[in-house]
Amino acid sequence: MSTTINVPPGLRNVVVTETTLGDVRGDEGFYHYRQYSAIDLAKSKTLEDVWFLMFEARLPTAEERDRFVAELAPLRVLPDEVRAVLPAIATAGPSFNPLAGLRTALSLLAAVRSLAPLWDADPVRRKADAMLVCAVTPTILAALYRLREGQEPLEPRADLTAAANWLYMVTGAEPSAVQAAAIEHYLVATVDHGFNASTFTARVIASTGADVVAAIAGAIGAFSGPLHGGAPDRALASLDEIGTPDRIDAWVRAKVSAGDRIMGFGHAVYRTEDPRSLMLRDIARGLGGDLVDFATTVEQRIVDVLAELKPGRNLYANVEFYAGVVMELCGLPRPMFTPTFTVSRVIGWSANILEQSTDPKIIRPIATYVGPQPPVPVV
Ligand SMILES: CC(C)(COP(=O)(O)OP(=O)(O)OC[C@H]1O[C@@H](n2cnc3c(N)ncnc32)[C@H](O)[C@@H]1OP(=O)(O)O)[C@@H](O)C(=O)NCCC(=O)NCCS
């Protein structure tokens, strides 16, 4: 008889594998990609540098970076078969759901590009498939947004940085250098973050030997939930709802007593301030304005009131709170907040998928059955 092991709810603190991609140290408020502090990378490196780091396990030389960027340029362009169906996807349904649209478009991409199951593909092919998916994701997301808005999609521009190109493809305007830098910092800081729900989902699917898009589509599904990646627009909506500083306390107390969560606060791993939030708060302050002043007041009050109502839980602002503020100030429309997070996180998911694909063991836990005692006669 095999031995069973009961693990804590939510798999909290359960180690499921080894990784060389990075880690989150919740008590220290620190996380890293490979051997580098992710925040240090965010402050000094481009998205492509960090993409290369995640895929190749080292930072590129200047020459390697240029080659990498050149290699990516054609992959960013929408394949005709995908381009043809985007208008239908973008306008389907009464409300716009860019992540659902991305999943749909990527599934078509997998078909038209005959993506190979990871199990059958060699490492070169696996990496090529992952590169394609990461490169085309921003183009698909931006095109879906513009089509929904009744505008023509814009072609990606190889002369812009990843962040500037993203802002341009969504808004139609070239961003200022300050806006592009703010979003680049954000993108680099959100490439990866330990074994979170979407990354774990991606790795579970990769462990079955399915193709890269199957794993990414699953990750997108996990990511879209408000408890995971779907919070930045909700956090900003909270600022609107609160409206003025005198209403903060009453608003938080009413939410918590109704059993609601305050979006943009709390974290499954951090028990101190989220380093991404600290970086984004600095960036927001650099951008300046009334929204930032209000957000910092709200943040402080929410932390204080949560400390009183939920003592000992160490609830602080997470990445989503100031992400919403920064994106708003950089001209991104709210429906594109979580998609912006997806533009960077798809790289982390892909690195995890590539790493998982080298392990032949399928991830297959069990559950404790708690229903009526079987076998009951079938009548
Ligand atoms: C991120 C999140 C899902 C982590 O969940 P978790 O690991 O279950 O949270 P914890 O175990 O730390 O929760 C401990 C306690 O704090 C409470 N709590 C956690 N986050 C809270 C929040 N944002 N607002 C109010 N209470 C919160 C929990 O309800 C729990 O209360 P209890 O002890 O009375 O049951 C959770 O903090 C959350 O829902 N935050 C809001 C959504 C969000 O911002 N998501 C983006 C994450 S990057």
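Modeller: Gladly! Let's begin with helices: a helix is a DSSP run of H or I with at least four residues, a strand is a run of E with at least two, and both are numbered from the N terminus. Here, Glu-320 lies in helix α15, residues 319-329. Please keep in mind that this is a predicted model, where local features need pLDDT of at least 70, side-chain atom pairs count only at pLDDT 80 or more, and totals for chains, interfaces and linings use all residues. Residues are numbered from 1 along each chain as its sequence is written, and side-chain values use heavy atoms, leaving out hydrogens and water.

Colleague: Is Glu-320 buried or exposed?

Modeller: Buried means under 20% relative accessible area, exposed over 50%, and partly exposed in between (1.4 Å probe, protein chains only). At 4%, Glu-320 is buried, whereas His-267, at 24%, counts as partly exposed.

Colleague: Which residues does the UniProt annotation "active site" cover?

Modeller: UniProt positions follow the numbering used here, with shortened feature names, and annotations may be inferred rather than shown by experiment. The unreviewed entry gives His-267 and Glu-320. They span 54 residues in sequence, yet no two of their C-alpha atoms are more than 10.4 Å apart, so they gather at one spot.

Colleague: With which residues is His-267 in contact, leaving aside neighbours within four places in sequence?

Modeller: Contact means heavy atoms within 4.5 Å. For His-267, leaving aside those neighbours, the partners are His-193, Asp-274 and Arg-276. His-267 itself sits in the loop between α12 (248-257) and α13 (275-287).
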